[in-house]
Amino acid sequence: MLKRIVVIVLAFVVAAAEAAAVANEPSQVDAPDALDFSYAQLWRYAQQQCSTKGITPTEFTHSWLAVRRCLKNTLDVVQLNEDSMRLDVGNQEDILGRHCPKLFEGVKCFDPFMDMVKGCVSEESYEIFQALRSWFQDILEYLCENNGANIAYDKDKHDSCTREINRYIITCAAENLIATPEVNRKTLSEENCSALATAKDCLLGKLKECGVFANGARLFYENFIQITSCKNYISQTKRK
């Protein structure tokens with residue numbers, strides 16, 4: 001999962017950079033939805049809204065570049081990437097013990113950028129940014145607890161889940177969710193929420209051989225369900 005965390009961080013940085021490259025396009029960006037969004041959409045929407053608050057695209061991008069500089073100064077990125085590639089049961093405690101403290105510090109690098117975004121977007125949209133940050137924090141806490149006590153890294157299973165996870169997500173969504181145009185996450189019915197919980201359980205079942213991936217999916221669900229009306233039905237929903 002350390003490799004997965006590196007991928008998550010780099011994916012967000014790269015997606016933001018790609019979004020910044022097309023930031024001058026005049027097209028209007030709709031507000032993101034917690035159930036259907038991309039990193040690039042989040043970036044472009046936040047930049048668009050900040051421009052209405054007097055923050056220029058250049059200033060917005062510089063704020064993000066400060067995050068990247070902070071991460072570079074906080075993390076030993078080259079060593080982190082190398083260690084993530086050679087992670088196994090025999091060395092995971094040593095590797096996690098080396099990098100986890102820096103990863104926790106690295107999360108703080110996002111705070112100034114998050115503060116800026118909070119002043120630009122609606123409270124409902126900002127909840128998505130908060131949920132992403134909380135999800136990443138929860139993954140780190142799960143992964144790094146007692147330097148990996150929760151995990152037993154198996155490269156073959158990890159690689160298999162990496163290849164299959166997108167197919168699993170699509171399959172479980174197709175089998176359990178009914179597309180509802182213009183659905184509002186704040187007004188999801190108990191039936192909608194039950195379907196989401198069933199889709200989540202479907203995905204966790206398919207990922208049962210990869211405990212780290214399963215827990216990453218579980219933590220994603222638990223963070224994002226809190227910003228929907230489904231939080232009102234959690235006590236009635238089976239959670240794993």
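Is Asn192 buried, partly exposed or exposed? The legends below take that up, along with a few other spots. This is a predicted model, in which local features need pLDDT of at least 70 and side-chain atom pairs count only at pLDDT 80 or more, while totals for chains, interfaces and linings use all residues. Residues are numbered from 1 along each chain as its sequence is written, and side-chain values use heavy atoms, with hydrogens and water left out.

**View 1. Asn192 in helix 9 (residues 190-206).** Helices here are DSSP runs of H or I with at least four residues, numbered from the N terminus. Asn192 is partly exposed, at a relative accessible area of 28%; buried means under 20%, exposed over 50%, and partly exposed in between (1.4 Å probe, protein chains only). A polar atom of the Asn192 side chain sits 3.0 Å from the backbone nitrogen of Ser189. Look for Leu177 too: it is 15 residues from Asn192 along the chain, with 8.0 Å between their C-alpha atoms.

**View 2. Thr228, in the segment after helix 10 (211-225).** Beyond its neighbours within four places in sequence, Thr228 is in contact (heavy atoms within 4.5 Å) with Arg185 and Leu188.

**View 3. Confidence along the protein.** The average pLDDT (the predictor's confidence in each residue, from 0 to 100) is 81, and 82% of the residues score at least 70. Helix 6 (residues 111-118) has the highest mean, 95, and helix 1 (residues 2-21) the lowest, 45. Over residues 1-24 pLDDT stays under 50, and the model has 49 contacts beyond four places in sequence for them.

Note on methods:
Helix = DSSP H or I, 4+ residues; strand = E, 2+ residues; numbered from the N terminus. Polar contact = N/O pair within 3.5 Å; in protein donor to acceptor, adjacent residues only side chain to side chain.
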